[in-house]
Amino acid sequence: MSILVDHETRLCVSGITGREGTFHALNNKRYGTDVVSGVTPGKGGQQVDGIPVFDSFREAVEQTDANTAMVFVPARFAADSILEAAEAGIRTIVAITEGIPAHDELRVSTHLGRLGGVRLIGPNCPGVLSPGKANVGIIPADFFKEGNVGVVSRSGTLTYQIGNELAQAGFGNSSIVGIGGDPVPGLSFIDVLELFEADPETALVVMSGEIGGAAEEEAAEYIAENVSKPVVAYIAGFTAPPGKTMGHAGAIVSGSKGTAAAKAEALEAAGVRVGRTPTEVSEIVIESLDG
Amino acid sequence: MDLLEYQGKQLFARHGVPVPSGRPAETVDEAVTAADAIGYPSVVKAQVQIGGRGKLGGIKVAAGREEARDHADAILGMDIRGLRVHEVWIEEASQIEAEYYASVVFDRSARAPLVMFSTKGGMDIEQVAEEDPDAIASLHVDPLLGFQEFHGRWLAFEAGVDADLVRPLTGMLAKLYETFVAEDAMLIEVNPLIVTPERELRALDAKVTLDDNALFRHPDNAALRNPSAEDPQEQMAKERGLVYVKLDGDIGILGNGAGLVMSTLDVVAQAGGRPANFLDAGGGSKAEAIVAAVEVILSDEKVKAVLFNIFGGITRCDEVAKGLIEAFEQVKPQVPFVVRLDGTNDEEGRRLLADAQLPNLEVEATMLEAAERVVALAAGSPTVQAR
């Protein structure tokens with residue numbers, strides 16, 4: 001098994017006719033993901049390498065039974081596209097787009113929460129990869145193989161760094177989930193930890209966080225109460241100065257809040273082992289799974 | 001993006017939040033003209049984003065023209081905790097009967113705006129929260145419903161404001177909330193929010209942080225400048241579309257992806273070095289972006305060595321290598337470079353670098369080794385680069 005995306009995934013790509021959208025839709029298709037359709041308003045009836053394009057998610061769902069959406073449109077259109085996909089009945093939505101206004105994300109998150117049953121991954125995330133089954137997003141799948149380590153992360157490249165070190169040590173992954181670096185992500189660490197806890201294929205979870213907000217502290221509390229599988233964590237941003245946004249919109253230490261030290265401390269207090277470097281994380285994982 | 005006090009007040013005024021009248025000034029003459037127009041007594045306020053500027057001599061009351069000139073002359077150009085004062089705000093003096101506190105905060109954890117109000121204004125709210133938490137009334141507002149009158153009444157009654165002020169306060173909080181949403185703010189704080197002897201409410205200070213990601217729909221806000229907070233390297237990076245944060249060390253850093261760059265800074269610090277900057281070259285970094293990045297990093301004269309830490313996903317290592325070779329031709333760096341390339345097309349990238357035989361450039365196999373090497377080089381290389 002795996003979580004969120006697998007052989008059942010029928011993907012519809014919003015923004016499929018754009019340069020990046022086309023490139024990654026076809027990349028996902030080559031990996032074996034069932035890319036059934038795309039949406040670009042005004043370009044219905046066209047095809048992208050044999051994939052039919054529709055004017056709306058409603059048509060795409062009706063005609064191709066899409067059950068998963070990937071959003072690749074520019075920031076100012078992205079919130080609308082996410083809401084459209086949900087309204088059309090899609091229940092797994094992966095939003096890659098970076099730079100969506102925080103207030104838009106807040107409205108989307110509140111609405112989806114009320115609608116119930118919709119899983120939004122992202123925005124500003126690399127997507128989800130279940131090695132050997134499906135890749136929805138921009139994660140370079142070649143570095144990862146099938147295995148029993150689940151990964152959930154706020155950062156893309158850092159995930160590749162950690163995943164690659166694990167792969168070189170012979171370990172593979174059940175699923176790799178990028179929840180994104182924005183202030184109001186869809187799925188939180190807690191949501192993904194809950195899915196990994198229930199997934200029989202996952203033996204251990206690597207959680208990669210960074211400065212800003214309180215999601216890591218909240219996850220620590222959740223882990224202490226609800227997660228029986230071992231969790232190994234990494235936190236980036238120990239040297240980040242307060243008040244500066246470190247690339248990701250959500251990565252900012254506000255006054256004394258959201259520091260890497262506080263997050264690492266909260267996780268360790270909950271029994272989570274925290275690696276101080278990506279290399280140390282993979283060493284702890286290897287030790288935990290071999291031992 | 002953090003606004004200066006007067007920029008925040010101008011935003012408030014646009015949404016009907018009462019503020020004292022005032023004018024900005026960049027020179028002493030402008031300040032005197034402004035004070036004459038406003039009338040005396042007037043207040044000369046340094047425009048820098050720092051708490052407690054009054055105690056540090058950044059706020060002074062002028063009884064007449066001579067004093068206005070003296071104060072403006074003293075405050076303009078002043079250094080307040082490392083920030084130079086480029087502008088003053090000349091404001092009508094306010095009579096204060098009571099000082100309150102109000103704020104609207106983008107509460108990430110609760111996924112809703114948090115509105116806070118207290119009758120204990122004029123001091124640091126975190127101190128109030130610690131000493132007398134009951135003095136702060138707060139509530140979350142449903143983002144799809146917005147601020148309602150009852151929200152205002154709840155806050156006013158809970159905080160124990162006088163009966164005659166409940167209605168005006170409710171109205172003012174509603175307008176602050178409207179400003180928060182309409183301007184895509186992440187934070188709006190009014191401290192103090194004053195009561196005048198005429199029982200009127202006014203925002204005597206304004207602290208506003210806007211969402212950078214939403215500036216595209218607020219061209220007026222996007223054009224606002226804050227020269228005291230702008231660093232020359234950060235300005236240069238912005239113009240070239242790079243995500244750069246200036247730090248105070250001597251090791252220049254470039255990586256791809258915010259998380260990996262933050263991690264690189266940490267690993268360099270653990271190896272005993274001090275990073276000079278955060279620079280995310282982004283996904284799919286092309287050669288031109290690398291050249292621009294090298295220029296920005298080296299424009300900081302404190303930089304003694306540079307570390308490139310790339311894990312190629314969408315970014316291709318051969319593109320990064322080509323960019324580096326191009327940058328060495330154009331910029332001719334005088335400080336050593338350490339490069340770590342992993343991921344997509346890494347072998348091709350390393351081969352290109354080896355063939356180019358760039359002076360002063362070393363390739364390391366892992367992130368850890370690269371960090372240790374660059375720290376050693378920074379410790380041993382000359383302090384000032386010849387450029």
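1. Let's begin with Asn124(A), which is buried, with a relative accessible area of 11%; because the cut-off for buried is under 20%, this residue falls within that class. Asn124(A) is not a glycine, yet its phi is positive, about 60 degrees. You will find Asn124(A) in the loop that links β7 and β8 of chain A. Please keep in mind that this is a predicted model.

2. The residue just before it in the numbering deserves a look too. Pro123(A) is joined to Gly122(A) by a cis peptide bond, with omega at about 5 degrees. Pro123(A) also sits in the loop between β7 (119-121) and β8 (127-130) of chain A.

3. Chain B has a cis peptide bond as well, this one between Asn191(B) and Pro192(B), where omega is about 10 degrees. Here the proline belongs to a strand: Pro192(B) is part of β10 (residues 185-195) of chain B.

4. Staying with chain B, move on to the loop between β10 and β11 (201-203), where Arg199(B) lies. Arg199(B) has a positive phi of about 65 degrees and is not a glycine. Is Arg199(B) buried or partly exposed? Arg199(B) is partly exposed, since its relative accessible area is 27% and that class covers values between 20% and 50%.

5. Now for the overall build of chain A. It contains nine helices and 14 strands. Its C-alpha atoms fill a box of roughly 55 × 40 × 30 Å along the principal axes. For 291 residues, a compact globule would have a radius of gyration near 19 Å, and the 18 Å of chain A agrees with that. Of the contacts in chain A with a separation of 6 or more, 72% are between residues 24 or more positions apart.

6. What about the surface of chain A? Among the charged side chains of chain A, 20 are positive and 36 are negative, with the centres of the two sets 5 Å apart. As for burial, 61% of the 291 residues of chain A count as buried.

7. The interior is worth a visit. In soluble globular proteins, nonpolar side chains tend to be buried together. The largest nonpolar core here has 96 residues, and those touching the most other members are Leu4(A), Val177(A), Leu193(A), Val206(A), Met207(A), Met246(A) and Leu267(A). Apart from that core lies another, of 41 residues, including Leu155(B), Leu165(B), Val190(B) and Leu193(B).

8. Which residues does Leu267(A) touch, leaving aside those up to four places away in sequence? They are Met207(A), Glu216(A), Ala220(A), Ile223(A), Ala233(A), Ile235(A), Val272(A) and Val274(A).

9. Back in chain B, helix α1 (residues 5-14) is largely enclosed by the rest of the structure, because seven of its ten residues are buried. The buried ones are Glu5(B), Tyr6(B), Gln7(B), Gly8(B), Lys9(B), Leu11(B) and Phe12(B). After α1(B) comes Gly16(B), which has a positive phi near 80 degrees.

10. A last stop is Glu329(B), in helix α11 (residues 317-331) of chain B. Glu329(B) is exposed, with a relative accessible area of 54%, as the cut-off for that class is over 50%. How far apart in space are Glu329(B) and Leu358(B)? Their C-alpha atoms are 9.2 Å apart, while 29 residues separate them in sequence.

How values were computed:
Residues are numbered from 1 along each chain as its sequence is written. Chains are lettered from A and ligands numbered from 1 in the order in which they are written. This is a predicted model: local features need pLDDT of at least 70, side-chain atom pairs count only at pLDDT 80 or more; totals for chains, interfaces and linings use all residues. Side-chain values use heavy atoms; hydrogens and water are left out. Helices (H or I, at least four residues) and strands (E, at least two) are DSSP runs, numbered from the N terminus. The radius of gyration is taken over C-alpha atoms; the globule rule is 2.2 Å times the number of residues to the power 0.38. Buried means under 20% relative accessible area, exposed over 50%, partly exposed in between (1.4 Å probe, protein chains only). Contact means heavy atoms within 4.5 Å. Lys and Arg count as positive and Asp and Glu as negative; His and the chain ends are not counted. The place of a charge is taken as NZ of Lys, CZ of Arg, CG of Asp or CD of Glu. A nonpolar core is a set of buried Ala, Val, Leu, Ile, Met, Phe, Trp, Tyr and Cys residues joined through side-chain atoms within 4.5 Å.
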